[in-house]
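Open the model in your viewer and keep the selection tool at hand. The stops below can be followed in order.

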Protein chains: 4
Amino acid sequence: MTAEGASLDLRGQGIGLPAKELIEQLQARAAGLSEALVEDRRRFHALAELGWRERNTTDAIVERLAALGFSVTSGREFLKDAPLLGIDPGAERPQTGCAAELDSGRPGPTVCLRVDIDALPITEAPAPHRPSADGWASAMPGVMHACGHDGHVAIGLGIASLLSPLVRANGAGRLRLLFQPAEEGVRGGRALVDAGWVRDVDLLLGFHIGFGVPAGTVAVGVRGFLATEKLRVRLQGRAAHAGKAPERGRNALLGACQIALGLHALAQSSAPGLRVNVGRLQAGRALNVIAEEAELLVELRAERSDDLRDLSQRARRLVEGVASAGELGHSVELIGEAAEWSNPVALARWAGVVATATGAFDHVLSDHVFGASEDATLLARAVAERGGLAGYLLLGAKLSADHHTPQFDFDEEVLPRGVLLLAAMAAAALLQSG
Amino acid sequence: MTAEGASLDLRGQGIGLPAKELIEQLQARAAGLSEALVEDRRRFHALAELGWRERNTTDAIVERLAALGFSVTSGREFLKDAPLLGIDPGAERPQTGCAAELDSGRPGPTVCLRVDIDALPITEAPAPHRPSADGWASAMPGVMHACGHDGHVAIGLGIASLLSPLVRANGAGRLRLLFQPAEEGVRGGRALVDAGWVRDVDLLLGFHIGFGVPAGTVAVGVRGFLATEKLRVRLQGRAAHAGKAPERGRNALLGACQIALGLHALAQSSAPGLRVNVGRLQAGRALNVIAEEAELLVELRAERSDDLRDLSQRARRLVEGVASAGELGHSVELIGEAAEWSNPVALARWAGVVATATGAFDHVLSDHVFGASEDATLLARAVAERGGLAGYLLLGAKLSADHHTPQFDFDEEVLPRGVLLLAAMAAAALLQSG
Amino acid sequence: MTAEGASLDLRGQGIGLPAKELIEQLQARAAGLSEALVEDRRRFHALAELGWRERNTTDAIVERLAALGFSVTSGREFLKDAPLLGIDPGAERPQTGCAAELDSGRPGPTVCLRVDIDALPITEAPAPHRPSADGWASAMPGVMHACGHDGHVAIGLGIASLLSPLVRANGAGRLRLLFQPAEEGVRGGRALVDAGWVRDVDLLLGFHIGFGVPAGTVAVGVRGFLATEKLRVRLQGRAAHAGKAPERGRNALLGACQIALGLHALAQSSAPGLRVNVGRLQAGRALNVIAEEAELLVELRAERSDDLRDLSQRARRLVEGVASAGELGHSVELIGEAAEWSNPVALARWAGVVATATGAFDHVLSDHVFGASEDATLLARAVAERGGLAGYLLLGAKLSADHHTPQFDFDEEVLPRGVLLLAAMAAAALLQSG
Amino acid sequence: MTAEGASLDLRGQGIGLPAKELIEQLQARAAGLSEALVEDRRRFHALAELGWRERNTTDAIVERLAALGFSVTSGREFLKDAPLLGIDPGAERPQTGCAAELDSGRPGPTVCLRVDIDALPITEAPAPHRPSADGWASAMPGVMHACGHDGHVAIGLGIASLLSPLVRANGAGRLRLLFQPAEEGVRGGRALVDAGWVRDVDLLLGFHIGFGVPAGTVAVGVRGFLATEKLRVRLQGRAAHAGKAPERGRNALLGACQIALGLHALAQSSAPGLRVNVGRLQAGRALNVIAEEAELLVELRAERSDDLRDLSQRARRLVEGVASAGELGHSVELIGEAAEWSNPVALARWAGVVATATGAFDHVLSDHVFGASEDATLLARAVAERGGLAGYLLLGAKLSADHHTPQFDFDEEVLPRGVLLLAAMAAAALLQSG
């Protein structure tokens with residue numbers, strides 16, 4: 001870690017480390033939040049709600065942020081008319097998640113923190129699994145925070161609490177917190193971009209706890225986020241009596257089979273990480289009826305967004321052609337999306353310097369492959385395309401079991417560390433003259 | 001209709017028309033039952049229960065038959081250990097349907113009447129649909145007697161009531177009534193055969209009301225029952241992360257697609273009426289997992305049982321081969337079955353003579369194509385293979401709408417006609433010396 | 001055979017039997033031709049040439065007809081610019097077959113006889129196979145008259161010779177002989193129609209020897225000609241190195257496979273005789289190259305032309321859709337075609353009367369199912385659509401082996417019988433006032 | 001290049017650089033061969049023969065080697081009974097290629113040079129293409145040395161000529177030259193191994209000219225040889241008339257289509273470089289016959305031999321299963337094979353030292369990815385498995401066009417360079433005490 005990394009160029013303006021006294025102030029406040037962070041994490045753990053259904057979670061977040069003096073946008077206004085991935089156009093529109101903003105009233109950058117809030121369709125393990133043993137396990141049957149987003153919410157609220165008085169007193173610019181619904185399945189990110197929430201962002205920070213990074217370590221040079229599209233393909237055929245007049249039917253089931261086989265032949269490529277999977281196929285109802293309807297859930301992946309775009313075009317063309325071949329109606333709906341991403345080197349370096357200077361983390365990983373998909377990448381890409389900076393940090397934590405398993409739990413020791421690091425990064429940008 | 005038809009050769013014994021006085025007695029008793037028949041039909045209409053779940057229906061039937069002095073076999077004893085088509089071996093074993101027997105104590109033929117008792121997964125139409133308007137519509141949400149089996153039960157009980165005193169007084173031989181569960185989907189018939197209920201039958205009578213035959217007419221020369229097999233194919237693969245290690249998976253979804261395409265290519269044949277339909281396919285769960293399981297529902301049909309057997313062998317071999325090709329476990333379960341059938345000419349002719357002599361029906365159809373499948377054919381074939389006689393009659397009725405529609409209803413005028421004809425045929429065999 | 005059949009209504013004009021003296025004259029002339037017919041048959045047998053390549057055969061026919069005073073159209077003029085099925089548009093245009101006309105100069109009907117002249121790609125059997133043993137086997141390696149078209153040519157020339165002086169002397173109307181190339185594969189018929197050769201025909205006669213009809217018998221009530229289309233489907237993809245950049249290829253081989261599987265699923269139908277067969281598939285060249293080209297030969301069949309049209313539309317749409325799905329260029333070329341056909345009852349009856357009256361045949365079959373395809377049906381349909389009459393007769397013959405086998409031969413005794421019957425039918429129309 | 005590389009451990013014995021005088025002697029002799037090498041190269045260029053048909057080429061080689069005093073094994077004795085990839089067991093057995101051995105009579109290592117001799121099915125470009133312009137183009141229509149094996153033969157003979165007197169005079173051990181047929185398609189290598197020609201080899205040297213390495217440079221640290229299997233899959237079905245009795249057929253064409261689609265779905269893998277390609281598919285003959293036979297040519301590739309083995313097992317199981325599914329006979333024949341390979345680091349380093357010390361090449365590439373398949377790898381693997389050393393060098397050359405194109409030619413300046421380097425390496429092992 002050299003002095004070189006101690007300053008970050010944010011749209012031409014150098015952002016240094018926070019002043020020594022500010023660092024001390026942040027350290028003290030973060031330490032003081034420790035108990036509240038644990039309490040929050042456990043409260044949201046029990047509230048576990050699936051993506052696009054985070055109603056109680058959102059209500060609780062909104063209440064807290066409003067109390068902290070943030071200007072909060074939620075409900076119908078939050079995502080406006082942005083398409084919601086995975087939600088049928090005809091279905092009732094979810095109204096979860098929120099944006100909270102604290103404007104210093106003084107000119108300065110817009111610093112944005114993205115926090116994901118949804119849980120998973122997993123039944124939490126019984127005791128001795130700690131949340132169950134200690135009485136704060138999920139109260140929602142079949143739904144569980146098995147990825148750590150409960151901790152993310154706690155960190156997000158902690159940062160809000162920590163920075164609120166500081167920004168108000170000495171800030172220059174704006175602090176925005178985005179509590180995103182439906183990260184699982186990479187569904188919610190797209191809507192935040194489409195609703196315009198990152199259009200004016202100068203510095204975007206995303207984060208995840210755990211993810212293979214050991215406790216006490218923060219990964220700053222994170223790369224290898226995989227580009228992905230999740231598609232729902234629907235075919236509409238025509239029913240007919242399979243015995244008496246099969247020729248009158250238009251067989252959606254056979255069309256779906258041809259599509260599945262055809263899609264799996266598209267994945268051979270020199271492009272790295274290219275993958276196709278038809279994960280689910282459901283077609284037809286009755287034994288003696290030519291199947292009228294079929295649905296396929298398709299996942300496309302690539303290491304590079306360009307390769308994904310090419311693959312997606314081929315896949316869509318395949319669906320269209322096979323549907324036409326079988327005289328079937330068809331639709332292809334994007335139900336999840338994430339982009340390729342690597343943290344900019346300068347930002348990574350600077351984050352490492354901040355982590356060290358604040359003592360938030362003991363070790364810094366400067367090169368780490370993510371190897372999965374995250375829809376924060378859509379926000380990051382949108383920010384980068386307009387000249388802003390974006391970064392996604394992995395906050396190392398001790399885990400009781402793998403993410404997405406019924407036994408998942410994490411050591412809450414990571415919470416004040418995460419609050420300190422992210423708050424210090426934001427403070428460096430917003431309280432420069434402080 | 002010539003005098004030639006007035007006698008039937010039943011295992012070498014000639015069976016003539018009932019004597020004039022007996023006919024008059026039967027006519028009078030049948031007429032006297034009219035109101036009770038309507039009441040029964042409506043009661044069972046309201047009770048509507050799906051195949052293999054006809055618990056209340058069975059209880060009501062058993063109670064009545066016991067009261068009439070029949071020896072009734074029901075519950076676990078009825079179908080013994082016979083495999084039940086469509087029921088998973090591991091699942092709880094249904095115990096519906098029953099057999100009722102009245103033994104005259106005197107040597108003579110075994111005459112058997114087969115009555116099917118199940119309803120359909122159809123929501124009954126509201127008023128002005130007559131059952132709804134008059135208050136005897138199905139009390140079971142989503143289940144409805146839309147095929148007329150409620151009428152069949154009424155006819156069966158009517159015949160029991162009509163013949164009970166006569167057989168007891170003057171009969172020679174045995175009267176057996178088989179109340180079969182799960183005719184829809186051609187599931188229940190196989191078990192009646194396997195449990196031995198027709199092994200010793202000399203004369204088997206089956207029947208259906210409506211089915212395109214006009215009111216006042218009985219079709220006796222019925223042919224063109226289609227042989228069919230309904231199969232449930234299951235594939236067991238191996239899950240794997242579709243992005244990280246697809247080669248570790250064994251893809252049940254792709255296997256199912258190959259089977260579906262392969263099966264549909266088997267139907268080209270010079271054999272009449274050969275058909276293959278994969279009516280339903282369900283495979284996989286999650287977008288990013290190689291599908292571990294798949295299930296196909298397959299219907300095979302042919303006009304001739306031999307052709308069906310060949311087709312079934314090819315289909316099973318196809319499944320086995322494709323499963324092996326993809327290193328998938330597989331099972332093929334027979335979940336429905338019916339055989340080719342045509343009523344014997346002599347029996348048809350004799351039935352026509354009886355219908356005319358008793359005045360049960362005004363018109364007789366001597367050649368009528370059934371054109372669908374019925375698992376009474378399995379019983380009929382079993383009887384014929386052991387030298388007995390079997391016939392299946394269509395009792396013409398005025399219908400309000402097609403079978404298997406929410407508006408289906410029939411004119412109950414057919415009930416006493418059916419009772420009279422079938423009771424007279426049974427009486428001719430059992431009360432010969434009467 | 002009643003007197004009722006002794007007259008035929010040809011566009012409102014009654015055509016009776018030839019007068020007794022004329023019949024006697026025809027009988028004498030036909031008998032006198034017997035040896036010449038055998039000689040001709042054997043000469044053409046040795047000349048055996050494949051469809052669209054019948055150059056020597058055509059030359060020999062043209063020479064004979066010209067000598068008999070017919071006006072002959074051959075070479076480029078014969079089929080004008082009509083598309084030739086099975087011939088690539090870019091390839092050299094075949095110029096085989098011919099039309100020969102004898103115009104009486106007096107007003108009257110146009111009577112047309114259609115004669116097919118091509119052989120098959122079969123290697124003729126060695127002795128004791130009669131042609132080989134007697135020295136008149138095919139002189140063309142790998143090509144053989146194994147269907148009897150050599151006999152057809154002999155009969156056609158015999159009729160020309162027999163009728164020429166009669167028509168010239170007493171005829172009213174025109175006699176036209178069409179020597180059609182490429183009947184095998186049902187290729188040549190379409191071009192004769194397109195070139196206009198049957199547009200003005202009042203009575204069209206086609207015929208085949210053998211075909212399951214016994215010697216001495218003529219089948220007049222022939223029905224069950226199957227409608228068929230033969231298609232050549234070509235796919236054009238893009239080559240790419242299969243190891244280094246498979247994603248750059250567009251795989252014509254996989255497209256062809258999807259089409260083959262898809263087509264075979266189209267044949268399930270309640271339409272009688274519907275069939276699909278992909279008889280040949282050739283795709284790709286090198287092991288390590290994504291296949292750039294593919295070709296499928298497809299046969300569609302149905303008993304009814306309407307059903308065939310529907311099937312053809314679905315098949316073409318399937319090809320188009322699958323090609324589009326794989327981003328492949330495609331073409332579908334009709335390379336063979338025949339129509340549904342049944343002889344009109346009146347014509348069949350009249351032909352039977354003529355056969356009997358002339359003694360040409362001893363027995364008459366009034367109902368016979370053809371059960372295969374013949375492109376004479378295209379001519380017949382074209383004639384019927386314009387109000388003319390058309391019929392196709394099967395001239396019974398003793399065969400040494402099945403048609404299309406290396407051992408095929410027929411008893412030449414059928415030749416003078418055929419000449420007599422067909423000449424008499426033509427004479428009845430053309431020499432009415434004779 | 002350090003002194004460290006100046007000695008090679010060959011089965012425990014250190015092999016140093018040739019002595020200075022020997023190097024000078026080799027340099028002089030190699031220079032003296034220059035013209036003869038060009039002459040040889042052009043002679044063999046004109047002789048161009050396809051793999052397994054290199055009769056004239058072999059005769060010329062045998063003659064020369066015998067004249068040089070080598071003990072030559074050719075004809076039936078060369079490959080004994082080893083299976084020959086790509087040759088049908090029933091077909092005539094090719095007898096091309098040869099082994100030549102020179103035994104010093106003194107104990108010492110067996111040093112083996114592998115030389116491939118076959119040409120390609122490519123029509124050589126006309127002038128101004130140099131071989132055509134200068135009159136030594138291929139004399140075999142449609143066959144051309146477009147890969148440089150003509151140069152390989154010249155180098156091999158040059159080494160034989162150069163080393164023959166030296167080994168005879170002062171050698172210790174044995175020099176073996178293997179002139180391998182059918183390298184293209186990686187067919188011949190397997191047989192050399194199976195016939196035992198490398199069983200006792202201590203040092204094996206293979207080489208190729210050009211291949212992207214610039215003139216004057218030798219690549220010694222060559223890695224990334226791809227493992228591959230080329231398979232010929234044959235299916236045997238049963239013909240049947242597609243219209244009259246399709247159900248009697250067993251459709252090899254549809255089976256082939258299912259296999260092609262199934263194979264292409266096997267390539268998704270985390271294993272590097274895994275590829276499947278069905279490069280050619282031919283099935284069926286006649287339009288109206290259910291296809292009786294089908295053949296697929298399949299290429300499997302992987303960077304690692306283990307992954308290839310797994311893929312090959314899955315592919316073979318797929319073929320077997322689909323064949324069984326369609327009641328088809330099947331065979332899978334290995335028609336080409338190559339292994340994963342990387343030159344051992346020590347050997348590469350030593351080769352670089354020799355190249356520099358002898359001045360054979362001006363530059364040395366110590367890390368170069370081959371990225372294609374070569375069946376010399378089978379020999380190399382066999383040698384390595386028994387504790388010997390094997391290496392494959394790329395002799396840089398200026399090319400007129402890419403390998404495997406009609407315009408391919410190379411600057412013969414590489415020939416004496418190659419002779420010098422390889423002879424020096426062999427001499428270092430065989431003339432150690434010299």
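Select Ala376(B), Thr377(B), Leu378(B), Leu379(B), Ala380(B), Arg381(B), Ala382(B) and Val383(B): these are the buried residues of helix H9 of chain B. Buried means that 20 or more other C-beta atoms lie within 10 Å of a residue's own; with 12 or fewer it is exposed, in between partly exposed, and C-beta atoms are placed from the backbone. Helices (H or I, at least four residues) and strands (E, at least two) are DSSP runs, numbered from the N terminus. The model is predicted: local features need pLDDT of at least 70 and side-chain atom pairs count only at pLDDT 80 or more, while totals for chains, interfaces and linings use all residues. Residues are numbered from 1 along each chain as its sequence is written, and chains are lettered from A and ligands numbered from 1 in the order in which they are written.

Now show the whole helix, residues 376-385 of chain B; 8 of its 10 residues are buried, so the rest of the structure largely encloses it. What do the buried residues of H9(B) pack against? Colour strand S5 (110-116), helix H5 (189-194), strand S7 (203-209), strand S13 (329-338) and strand S16 (389-395) of chain B to see these partners. Just after H9(B), pick Gly387(B), which has a positive phi of about 90°.

Next, display chains B and D together. Their contact takes 21 residues from each of chain D and chain B; two residues are in contact if their C-beta atoms, placed from the backbone, lie within 7 Å. On the chain D side, helix H7 (252-264) and helix H8 (305-325) each supply at least two residues. H8(D) gives the most, with 7 residues.

Chain D is superposed on chain B by a rotation of 180° with 0.1 Å of shift along its axis, at an RMSD of 0.1 Å. Such superpositions are made by least squares on the C-alpha atoms of residues with pLDDT of at least 70 in both copies. Centre on Gly321(D), whose C-alpha, at 2.2 Å, comes closest to the rotation axis among the residues of chain D. The copies meet through the same surface, because 100% of the interface residues of chain D are also interface residues in chain B.

Finally, go to chain C and select Cys98(C) in strand S4 (residues 98-103). Is Cys98(C) buried or exposed? Cys98(C) is buried, with 27 other C-beta atoms within 10 Å. Among the residues that Cys98(C) touches, leaving out those up to four places away in sequence, are Thr58(C), Ile61(C), Phe78(C) and Phe179(C).
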